[in-house]
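The following dialogue is a tutorial on reading the features of a protein model. Please keep the sequence and the structure in view.

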Amino acid sequence: MPKVRSLLTTALLTGTALGAAVPAPARAQARDCAPRATVPGAQKQVAACLSDLTTAGTAASGHTVPADWAGLQSTATKNPAHVPGVQIDGYFPDTSTSNTNNGWNHDAQFVIRLPEHWTGGLVVAGSPGNRRQYANDFTISDWALAKGYAYAATDKGNSGTEFYQDGKRPGDAMVEWNDRLTQLTRAAKKTVARHYGRSPRRTYAAGISNGGYLVRWQLENHPELYDGGIDAEGTLWRTDGPNLFTYLPSILRAYPSYAATGDPSAHKALLDAGLAPGSEFLWPFHDQVYWNLTQTIYRKEFDPSYTGDEADYDYAARPRSVHEAVARVALTGRIRKPLITLQGTYDSLLPIGTDSDVYAKMVRARGSALYRYYRVEAANHVDGLYDTYPDRLRPLLPCMRSAFTALESWTTRHQSPPGSATLPRPATGDLVNTCSLEASS
(Lines give C-alpha, C1' and ligand atoms only; values in the text may rest on other atoms or scores of the structure.)
Protein backbone atom coordinates (compact mmCIF):
# COMPACT_ATOMS: atom_id res chain seq x y z
CA MET A 1 0.00 0.00 0.00
CA PRO A 2 2.72 2.53 -0.88
CA LYS A 3 0.27 5.12 -2.26
CA VAL A 4 -1.71 5.29 0.97
CA ARG A 5 1.44 5.22 3.11
CA SER A 6 3.03 8.20 1.35
CA LEU A 7 -0.16 10.22 1.60
CA LEU A 8 -0.92 9.50 5.21
CA THR A 9 2.60 9.69 6.55
CA THR A 10 3.00 13.28 5.43
CA ALA A 11 -0.32 14.59 6.60
CA LEU A 12 -2.56 12.48 8.80
CA LEU A 13 -1.00 12.71 12.22
CA THR A 14 1.93 15.00 11.83
CA GLY A 15 1.04 18.04 9.82
CA THR A 16 4.55 18.01 8.36
CA ALA A 17 3.36 18.55 4.81
CA LEU A 18 0.71 21.08 5.65
CA GLY A 19 0.23 24.13 3.54
CA ALA A 20 2.39 27.01 2.59
CA ALA A 21 1.02 30.31 1.35
CA VAL A 22 -1.75 30.02 -1.21
CA PRO A 23 -0.68 31.56 -4.55
CA ALA A 24 -2.00 35.07 -5.09
CA PRO A 25 -3.63 34.29 -8.46
CA ALA A 26 -5.86 31.71 -6.81
CA ARG A 27 -7.02 34.08 -4.10
CA ALA A 28 -7.65 36.75 -6.72
CA GLN A 29 -10.65 34.72 -7.91
CA ALA A 30 -12.60 35.83 -4.83
CA ARG A 31 -14.65 39.04 -4.92
CA ASP A 32 -13.60 41.92 -2.73
CA CYS A 33 -15.72 41.79 0.36
CA ALA A 34 -16.56 43.91 3.36
CA PRO A 35 -18.24 41.60 5.91
CA ARG A 36 -20.81 42.99 8.29
CA ALA A 37 -18.75 41.81 11.25
CA THR A 38 -15.21 41.64 12.55
CA VAL A 39 -13.79 38.90 14.74
CA PRO A 40 -13.35 40.18 18.30
CA GLY A 41 -9.83 39.74 19.64
CA ALA A 42 -8.28 38.88 16.27
CA GLN A 43 -4.88 40.37 15.53
CA LYS A 44 -5.34 39.87 11.78
CA GLN A 45 -8.33 39.04 9.61
CA VAL A 46 -8.95 38.94 5.87
CA ALA A 47 -12.44 38.52 4.43
CA ALA A 48 -13.52 37.22 1.03
CA CYS A 49 -16.93 36.87 -0.61
CA LEU A 50 -16.92 33.44 -2.24
CA SER A 51 -19.29 31.80 -4.68
CA ASP A 52 -18.66 28.48 -2.91
CA LEU A 53 -17.47 28.05 0.68
CA THR A 54 -17.21 24.26 0.38
CA THR A 55 -14.01 22.48 -0.60
CA ALA A 56 -15.31 22.11 -4.17
CA GLY A 57 -14.92 25.87 -4.43
CA THR A 58 -12.24 26.76 -1.91
CA ALA A 59 -9.75 24.24 -3.30
CA ALA A 60 -9.98 26.13 -6.60
CA SER A 61 -10.07 29.66 -5.16
CA GLY A 62 -7.25 29.05 -2.69
CA HIS A 63 -9.31 29.42 0.48
CA THR A 64 -8.41 26.04 1.89
CA VAL A 65 -5.24 23.93 2.03
CA PRO A 66 -6.05 20.41 0.75
CA ALA A 67 -2.94 18.99 2.45
CA ASP A 68 -4.59 19.88 5.78
CA TRP A 69 -7.38 17.37 5.14
CA ALA A 70 -5.64 14.86 2.88
CA GLY A 71 -6.46 11.23 3.63
CA LEU A 72 -9.11 11.86 6.27
CA GLN A 73 -11.88 10.55 4.03
CA SER A 74 -12.49 7.94 1.38
CA THR A 75 -12.11 9.19 -2.16
CA ALA A 76 -15.65 7.93 -2.82
CA THR A 77 -17.18 10.29 -0.24
CA LYS A 78 -19.93 12.45 -1.72
CA ASN A 79 -19.87 16.02 -0.47
CA PRO A 80 -22.23 18.96 -1.01
CA ALA A 81 -21.12 22.08 -2.89
CA HIS A 82 -22.29 25.49 -4.11
CA VAL A 83 -22.71 27.31 -0.79
CA PRO A 84 -22.00 31.04 -1.32
CA GLY A 85 -20.99 33.31 1.53
CA VAL A 86 -18.19 35.07 3.38
CA GLN A 87 -14.95 33.51 4.59
CA ILE A 88 -12.81 35.20 7.22
CA ASP A 89 -9.25 33.99 7.73
CA GLY A 90 -7.11 35.37 10.51
CA TYR A 91 -5.23 34.78 13.72
CA PHE A 92 -5.35 35.70 17.38
CA PRO A 93 -2.32 37.10 19.23
CA ASP A 94 0.25 34.36 19.82
CA THR A 95 4.01 33.99 20.22
CA SER A 96 4.60 30.77 18.22
CA THR A 97 5.05 30.55 14.47
CA SER A 98 4.74 26.94 13.26
CA ASN A 99 1.66 27.52 11.08
CA THR A 100 2.76 28.56 7.59
CA ASN A 101 -0.75 28.63 6.09
CA ASN A 102 -1.54 31.85 4.22
CA GLY A 103 2.14 32.76 4.37
CA TRP A 104 1.62 34.21 7.82
CA ASN A 105 4.03 32.05 9.87
CA HIS A 106 1.81 32.69 12.86
CA ASP A 107 -0.09 30.28 15.11
CA ALA A 108 -3.61 30.62 16.52
CA GLN A 109 -4.94 30.85 12.96
CA PHE A 110 -8.66 30.41 12.42
CA VAL A 111 -11.20 30.27 9.63
CA ILE A 112 -14.84 31.41 9.94
CA ARG A 113 -17.39 30.77 7.18
CA LEU A 114 -20.72 32.60 7.01
CA PRO A 115 -23.15 31.18 4.41
CA GLU A 116 -25.59 33.49 2.64
CA HIS A 117 -28.50 31.21 3.50
CA TRP A 118 -28.04 30.83 7.25
CA THR A 119 -30.38 28.60 9.22
CA GLY A 120 -29.42 29.94 12.65
CA GLY A 121 -26.69 27.59 13.86
CA LEU A 122 -22.93 27.47 14.36
CA VAL A 123 -20.51 24.52 14.26
CA VAL A 124 -17.08 24.95 15.88
CA ALA A 125 -14.17 22.54 15.40
CA GLY A 126 -10.61 21.93 16.51
CA SER A 127 -8.16 20.17 14.23
CA PRO A 128 -7.38 16.42 14.42
CA GLY A 129 -3.85 15.13 14.89
CA ASN A 130 -1.39 17.99 14.72
CA ARG A 131 -2.98 19.53 11.64
CA ARG A 132 -4.06 23.08 10.98
CA GLN A 133 -7.27 25.06 10.70
CA TYR A 134 -8.52 23.69 7.39
CA ALA A 135 -8.22 20.04 8.47
CA ASN A 136 -11.97 19.61 8.99
CA ASP A 137 -13.00 21.37 5.77
CA PHE A 138 -13.98 18.23 3.88
CA THR A 139 -15.25 16.16 6.80
CA ILE A 140 -17.15 18.75 8.87
CA SER A 141 -17.28 22.19 7.23
CA ASP A 142 -18.83 21.11 3.91
CA TRP A 143 -21.58 19.19 5.69
CA ALA A 144 -22.34 21.99 8.16
CA LEU A 145 -22.38 24.71 5.50
CA ALA A 146 -24.74 22.76 3.27
CA LYS A 147 -27.17 22.57 6.20
CA GLY A 148 -26.98 26.35 6.59
CA TYR A 149 -24.68 26.48 9.60
CA ALA A 150 -21.93 29.02 10.09
CA TYR A 151 -18.62 27.27 10.69
CA ALA A 152 -15.44 28.10 12.61
CA ALA A 153 -12.19 26.15 13.13
CA THR A 154 -8.84 26.68 14.81
CA ASP A 155 -5.31 25.31 14.44
CA LYS A 156 -5.33 24.93 18.25
CA GLY A 157 -2.48 27.42 18.68
CA ASN A 158 0.36 25.08 17.66
CA SER A 159 0.74 22.31 15.09
CA GLY A 160 3.15 19.89 13.45
CA THR A 161 5.36 17.20 14.94
CA GLU A 162 7.21 19.71 17.13
CA PHE A 163 4.11 21.23 18.71
CA TYR A 164 5.57 20.36 22.12
CA GLN A 165 8.14 23.16 21.73
CA ASP A 166 5.37 25.69 22.34
CA GLY A 167 4.90 26.77 25.97
CA LYS A 168 7.14 27.13 28.99
CA ARG A 169 6.32 24.01 31.01
CA PRO A 170 5.16 20.46 30.30
CA GLY A 171 1.57 20.34 29.13
CA ASP A 172 1.37 24.00 28.07
CA ALA A 173 0.96 23.25 24.36
CA MET A 174 -2.05 21.01 24.93
CA VAL A 175 -3.57 23.33 27.50
CA GLU A 176 -3.49 25.94 24.74
CA TRP A 177 -5.51 23.64 22.48
CA ASN A 178 -8.44 23.83 24.86
CA ASP A 179 -8.02 27.56 25.43
CA ARG A 180 -7.95 28.28 21.70
CA LEU A 181 -11.18 26.42 20.99
CA THR A 182 -12.88 28.26 23.84
CA GLN A 183 -11.51 31.56 22.51
CA LEU A 184 -12.68 30.84 18.97
CA THR A 185 -16.15 29.72 20.07
CA ARG A 186 -16.73 32.95 21.97
CA ALA A 187 -15.41 35.06 19.11
CA ALA A 188 -17.33 33.12 16.44
CA LYS A 189 -20.64 33.46 18.31
CA LYS A 190 -20.17 37.24 18.44
CA THR A 191 -19.09 37.37 14.80
CA VAL A 192 -22.16 35.42 13.73
CA ALA A 193 -24.44 37.68 15.78
CA ARG A 194 -22.94 40.82 14.24
CA HIS A 195 -23.02 39.43 10.70
CA TYR A 196 -26.60 38.16 10.72
CA GLY A 197 -28.09 40.54 13.25
CA ARG A 198 -28.94 37.85 15.79
CA SER A 199 -27.12 35.29 17.89
CA PRO A 200 -26.96 31.64 16.82
CA ARG A 201 -29.90 29.64 18.15
CA ARG A 202 -27.68 26.61 18.63
CA THR A 203 -23.94 25.96 18.72
CA TYR A 204 -22.35 22.55 18.33
CA ALA A 205 -18.77 21.40 18.81
CA ALA A 206 -17.52 18.67 16.48
CA GLY A 207 -14.17 16.97 16.10
CA ILE A 208 -12.14 13.93 15.11
CA SER A 209 -9.25 12.40 17.11
CA ASN A 210 -7.57 15.27 18.98
CA GLY A 211 -10.51 17.36 17.81
CA GLY A 212 -12.84 14.85 19.45
CA TYR A 213 -10.87 15.21 22.68
CA LEU A 214 -11.46 18.96 22.47
CA VAL A 215 -15.22 18.40 22.18
CA ARG A 216 -15.21 16.23 25.30
CA TRP A 217 -13.18 18.81 27.23
CA GLN A 218 -15.38 21.70 26.14
CA LEU A 219 -18.63 19.99 27.16
CA GLU A 220 -17.08 19.15 30.52
CA ASN A 221 -15.61 22.59 31.18
CA HIS A 222 -17.54 25.15 29.12
CA PRO A 223 -21.05 23.73 28.60
CA GLU A 224 -22.47 27.26 28.59
CA LEU A 225 -21.00 27.81 25.12
CA TYR A 226 -22.61 24.82 23.40
CA ASP A 227 -25.87 22.99 22.83
CA GLY A 228 -24.16 19.67 22.18
CA GLY A 229 -21.25 17.94 20.52
CA ILE A 230 -20.02 15.15 18.23
CA ASP A 231 -16.86 13.36 19.35
CA ALA A 232 -15.38 10.99 16.77
CA GLU A 233 -12.62 8.82 18.28
CA GLY A 234 -11.47 11.51 20.70
CA THR A 235 -8.14 10.99 22.41
CA LEU A 236 -8.52 9.92 26.05
CA TRP A 237 -6.34 11.66 28.62
CA ARG A 238 -6.59 10.45 32.22
CA THR A 239 -4.08 11.20 34.95
CA ASP A 240 -3.83 7.58 36.11
CA GLY A 241 -4.56 6.06 32.72
CA PRO A 242 -5.48 4.66 30.43
CA ASN A 243 -3.82 7.17 28.15
CA LEU A 244 -1.36 6.99 25.28
CA PHE A 245 1.53 6.33 27.66
CA THR A 246 -0.06 3.30 29.30
CA TYR A 247 -0.43 1.25 26.10
CA LEU A 248 1.83 2.59 23.32
CA PRO A 249 5.10 1.46 24.99
CA SER A 250 3.64 -2.03 25.37
CA ILE A 251 2.81 -2.08 21.68
CA LEU A 252 6.28 -0.82 20.76
CA ARG A 253 7.86 -3.58 22.86
CA ALA A 254 5.75 -6.43 21.53
CA TYR A 255 5.32 -5.64 17.86
CA PRO A 256 8.87 -6.32 16.56
CA SER A 257 8.77 -9.90 17.79
CA TYR A 258 5.27 -10.44 16.42
CA ALA A 259 6.20 -8.94 13.04
CA ALA A 260 9.37 -11.02 12.78
CA THR A 261 8.10 -14.44 13.84
CA GLY A 262 4.39 -14.24 14.60
CA ASP A 263 5.28 -14.95 18.24
CA PRO A 264 2.00 -15.93 19.99
CA SER A 265 3.07 -14.33 23.27
CA ALA A 266 3.82 -11.05 21.48
CA HIS A 267 0.45 -11.26 19.74
CA LYS A 268 -1.24 -11.71 23.10
CA ALA A 269 0.66 -8.71 24.47
CA LEU A 270 -0.60 -6.58 21.59
CA LEU A 271 -4.16 -7.64 22.23
CA ASP A 272 -3.70 -7.03 25.95
CA ALA A 273 -2.52 -3.50 25.09
CA GLY A 274 -5.90 -2.90 23.46
CA LEU A 275 -5.49 -3.73 19.78
CA ALA A 276 -8.52 -5.54 18.44
CA PRO A 277 -8.48 -9.13 17.16
CA GLY A 278 -9.00 -8.97 13.41
CA SER A 279 -7.16 -5.66 13.02
CA GLU A 280 -3.77 -7.33 12.49
CA PHE A 281 -3.69 -6.33 8.81
CA LEU A 282 -3.52 -2.68 9.93
CA TRP A 283 -0.62 -3.08 12.32
CA PRO A 284 2.30 -2.82 9.85
CA PHE A 285 1.06 0.56 8.66
CA HIS A 286 0.59 1.84 12.19
CA ASP A 287 4.02 0.58 13.16
CA GLN A 288 5.61 2.52 10.30
CA VAL A 289 3.53 5.69 10.62
CA TYR A 290 1.94 6.18 14.02
CA TRP A 291 3.03 4.32 17.11
CA ASN A 292 6.58 5.46 17.75
CA LEU A 293 6.02 8.98 16.49
CA THR A 294 2.91 9.44 18.62
CA GLN A 295 4.60 8.11 21.75
CA THR A 296 7.64 10.31 21.15
CA ILE A 297 6.02 13.67 20.49
CA TYR A 298 3.46 13.44 23.30
CA ARG A 299 6.04 12.14 25.74
CA LYS A 300 8.17 15.18 24.87
CA GLU A 301 5.16 17.36 25.65
CA PHE A 302 4.51 15.91 29.11
CA ASP A 303 7.85 14.37 30.10
CA PRO A 304 10.74 16.11 28.29
CA SER A 305 13.34 14.94 30.82
CA TYR A 306 12.98 11.25 29.89
CA THR A 307 16.00 9.99 27.91
CA GLY A 308 15.36 6.27 27.54
CA ASP A 309 13.92 4.20 24.72
CA GLU A 310 10.24 4.91 24.05
CA ALA A 311 9.43 1.19 24.23
CA ASP A 312 10.77 1.13 27.79
CA TYR A 313 8.74 4.11 28.97
CA ASP A 314 6.95 3.37 32.26
CA TYR A 315 4.38 6.07 32.88
CA ALA A 316 3.40 4.74 36.30
CA ALA A 317 6.98 5.03 37.51
CA ARG A 318 7.59 8.53 36.22
CA PRO A 319 7.81 11.50 38.65
CA ARG A 320 4.69 13.05 40.10
CA SER A 321 5.31 16.17 38.00
CA VAL A 322 4.63 14.17 34.84
CA HIS A 323 1.27 13.00 36.13
CA GLU A 324 0.45 16.54 37.21
CA ALA A 325 1.19 17.75 33.68
CA VAL A 326 -1.25 15.20 32.25
CA ALA A 327 -3.80 16.19 34.91
CA ARG A 328 -3.94 19.67 33.40
CA VAL A 329 -5.66 18.27 30.31
CA ALA A 330 -7.35 15.20 31.81
CA LEU A 331 -10.99 14.35 31.20
CA THR A 332 -13.51 13.56 33.92
CA GLY A 333 -16.60 12.27 32.08
CA ARG A 334 -18.70 15.06 33.62
CA ILE A 335 -20.37 16.31 30.44
CA ARG A 336 -23.09 18.89 30.88
CA LYS A 337 -24.56 19.06 27.39
CA PRO A 338 -25.60 16.26 24.99
CA LEU A 339 -22.66 14.39 23.51
CA ILE A 340 -22.49 11.64 20.90
CA THR A 341 -19.27 9.60 20.73
CA LEU A 342 -18.31 7.33 17.84
CA GLN A 343 -15.27 5.10 17.48
CA GLY A 344 -14.26 2.26 15.20
CA THR A 345 -13.62 -1.17 16.67
CA TYR A 346 -10.51 -1.50 14.47
CA ASP A 347 -8.94 1.76 15.60
CA SER A 348 -5.27 0.80 15.89
CA LEU A 349 -3.93 4.16 17.04
CA LEU A 350 -6.40 4.82 19.86
CA PRO A 351 -7.65 1.31 20.64
CA ILE A 352 -11.33 1.41 21.45
CA GLY A 353 -10.91 -0.68 24.61
CA THR A 354 -8.50 1.84 26.12
CA ASP A 355 -10.26 4.91 24.78
CA SER A 356 -13.96 5.45 24.05
CA ASP A 357 -15.08 2.32 25.91
CA VAL A 358 -13.40 3.82 28.96
CA TYR A 359 -14.74 7.32 28.39
CA ALA A 360 -18.27 5.95 28.03
CA LYS A 361 -17.91 4.26 31.42
CA MET A 362 -16.66 7.54 32.89
CA VAL A 363 -19.71 9.39 31.60
CA ARG A 364 -22.13 6.70 32.73
CA ALA A 365 -20.55 6.62 36.18
CA ARG A 366 -21.65 10.23 36.49
CA GLY A 367 -25.23 9.15 35.81
CA SER A 368 -25.55 11.33 32.72
CA ALA A 369 -28.53 10.89 30.42
CA LEU A 370 -26.95 13.29 27.93
CA TYR A 371 -24.84 10.67 26.19
CA ARG A 372 -24.88 8.23 23.31
CA TYR A 373 -22.01 5.97 22.29
CA TYR A 374 -21.80 4.14 18.97
CA ARG A 375 -19.07 1.55 18.42
CA VAL A 376 -18.67 1.28 14.65
CA GLU A 377 -17.65 -2.22 13.65
CA ALA A 378 -14.59 -2.40 11.36
CA ALA A 379 -13.97 1.35 11.25
CA ASN A 380 -10.42 2.45 11.98
CA HIS A 381 -8.76 5.75 12.88
CA VAL A 382 -8.51 7.25 9.39
CA ASP A 383 -11.06 6.77 6.63
CA GLY A 384 -8.40 7.10 3.94
CA LEU A 385 -7.42 3.49 4.63
CA TYR A 386 -10.87 2.31 3.53
CA ASP A 387 -9.82 2.79 -0.10
CA THR A 388 -7.04 0.24 0.42
CA TYR A 389 -9.20 -2.27 2.34
CA PRO A 390 -12.81 -1.80 1.14
CA ASP A 391 -13.58 -5.44 1.85
CA ARG A 392 -12.44 -5.27 5.50
CA LEU A 393 -13.08 -1.72 6.74
CA ARG A 394 -15.87 0.83 6.78
CA PRO A 395 -15.55 4.62 7.02
CA LEU A 396 -16.50 6.43 10.21
CA LEU A 397 -17.52 9.71 8.52
CA PRO A 398 -21.03 8.70 7.37
CA CYS A 399 -21.83 7.58 10.93
CA MET A 400 -20.55 10.92 12.21
CA ARG A 401 -22.94 12.69 9.84
CA SER A 402 -25.86 10.52 10.92
CA ALA A 403 -24.94 11.35 14.52
CA PHE A 404 -24.99 15.06 13.72
CA THR A 405 -28.52 14.75 12.37
CA ALA A 406 -29.51 12.83 15.48
CA LEU A 407 -27.93 15.49 17.70
CA GLU A 408 -29.96 18.19 15.93
CA SER A 409 -33.19 16.33 16.63
CA TRP A 410 -32.12 15.63 20.21
CA THR A 411 -31.34 19.25 21.04
CA THR A 412 -34.06 21.03 19.05
CA ARG A 413 -37.06 18.65 19.05
CA HIS A 414 -36.21 16.53 22.10
CA GLN A 415 -36.18 13.37 19.98
CA SER A 416 -33.82 10.93 21.65
CA PRO A 417 -31.25 9.25 19.36
CA PRO A 418 -31.16 5.45 19.13
CA GLY A 419 -29.64 3.82 22.17
CA SER A 420 -25.90 3.36 22.49
CA ALA A 421 -24.83 0.27 20.56
CA THR A 422 -22.25 -1.50 18.44
CA LEU A 423 -23.15 -0.84 14.80
CA PRO A 424 -22.44 -3.91 12.64
CA ARG A 425 -20.68 -3.50 9.32
CA PRO A 426 -23.35 -3.75 6.59
CA ALA A 427 -22.87 -6.56 4.11
CA THR A 428 -24.26 -4.44 1.27
CA GLY A 429 -25.01 -0.84 0.43
CA ASP A 430 -23.02 2.38 0.17
CA LEU A 431 -20.76 2.14 3.21
CA VAL A 432 -18.94 5.33 2.26
CA ASN A 433 -21.95 7.62 2.32
CA THR A 434 -24.62 6.00 4.51
CA CYS A 435 -24.81 4.83 8.11
CA SER A 436 -27.67 3.85 10.35
CA LEU A 437 -27.37 4.36 14.10
CA GLU A 438 -29.70 1.43 14.71
CA ALA A 439 -27.82 -1.63 15.95
CA SER A 440 -30.08 -4.00 14.03
CA SER A 441 -29.27 -2.47 10.63
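This is a predicted model: local features need pLDDT of at least 70, side-chain atom pairs count only at pLDDT 80 or more; totals for chains, interfaces and linings use all residues.

Q: How many helices and strands does the protein chain contain?

A: Helices (H or I, at least four residues) and strands (E, at least two) are DSSP runs, numbered from the N terminus. The protein chain has 14 helices and 10 strands. Its radius of gyration (taken over C-alpha atoms) is 21 Å, close to the 22 Å that the globule rule (2.2 Å times the number of residues to the power 0.38) gives for 441 residues, so the chain is as compact as a globular protein of that length. The C-alpha trace spans about 65 × 50 × 45 Å along its principal axes.

Q: What share of the residues is buried, and what share of the contacts joins residues 24 or more positions apart?

A: Buried means under 20% relative accessible area, exposed over 50%, and partly exposed in between (1.4 Å probe, protein chains only). Of the 441 residues, 61% count as buried. A contact means heavy atoms within 4.5 Å. Among contacts with a separation of 6 or more, 76% are between residues 24 or more positions apart.

Q: Why is helix α5 described as largely enclosed?

A: The general idea is to ask how many residues of the helix are buried. In helix α5 (residues 137–146), eight of the 10 residues are buried, so the rest of the structure largely encloses this helix. The buried residues include Asp137, Phe138, Thr139 and Ile140. After α5 comes Gly148, with a positive phi near 90°.

Q: Where does Leu339 lie, and which residues does Leu339 touch?

A: Leu339 belongs to strand β8 (residues 339–344) and counts as buried, at 0% relative accessibility. Leaving aside residues up to four places away in sequence, Leu339 touches several residues, among them Val215, Leu219, Ile230, Tyr359 and Trp410. Val215 is 124 residues away along the chain, yet the C-alpha atoms of Leu339 and Val215 are separated by 8.6 Å.

Q: Is Asp107, a loop residue, buried or exposed?

A: Asp107 lies in the loop between β2 (85–91) and β3 (109–115). At 1% relative accessibility, this residue counts as buried. Its contacts beyond four places in sequence include Tyr91, Phe92, Asp94, Asp155 and Asn158.

Q: Which cysteines form the disulfide, and which handedness does the bond have?

A: A disulfide is a covalent bond between the sulfur atoms of two cysteines; here the criterion is a pair of cysteine sulfur atoms within 2.5 Å. The structure holds one disulfide, and this bond joins Cys399 to Cys435 with an S to S distance of 2.1 Å. The pair links distant parts of the chain, 36 residues apart: Cys399 is in helix α14 (residues 397–412) and Cys435 is in the segment after β10 (421–423). The torsion about the S-S bond is about 90°, so the disulfide is right-handed. Both Cys399 and Cys435 are buried.

Q: How many cavities of 30 Å³ or more are there, and which residues line the second largest cavity?

A: Rolling a probe the size of a water molecule over the atoms shows where empty space is left. On a 1 Å grid over the protein atoms alone, a cavity is a set of points where a 1.4 Å probe fits but cannot get out, and lining residues have an atom within 4 Å of a point. Grid points are joined across faces, edges and corners, and a volume is the space filled by probe spheres set on the points. There are three cavities of 30 Å³ or more.

Q: Which backbone features deserve a separate look?

A: Gly241 and Pro242 are joined by a cis peptide bond, with omega about 0°. Pro242 lies in the loop between β7 (228–232) and α8 (244–261). Ser209 is not a glycine, yet has a positive phi of about 60°; this residue is buried, with a relative accessible area of 9%. His414 also has a positive phi of about 60° without being a glycine, and at 69% relative accessibility His414 counts as exposed.

Technical notes: Residues are numbered from 1 along each chain as its sequence is written. Side-chain values use heavy atoms; hydrogens and water are left out. On a 1 Å grid over the protein atoms alone, a cavity is a set of points where a 1.4 Å probe fits but cannot get out, and a pocket is an open set with protein on both sides within 12 Å along at least five of seven lines; lining residues have an atom within 4 Å of a point.
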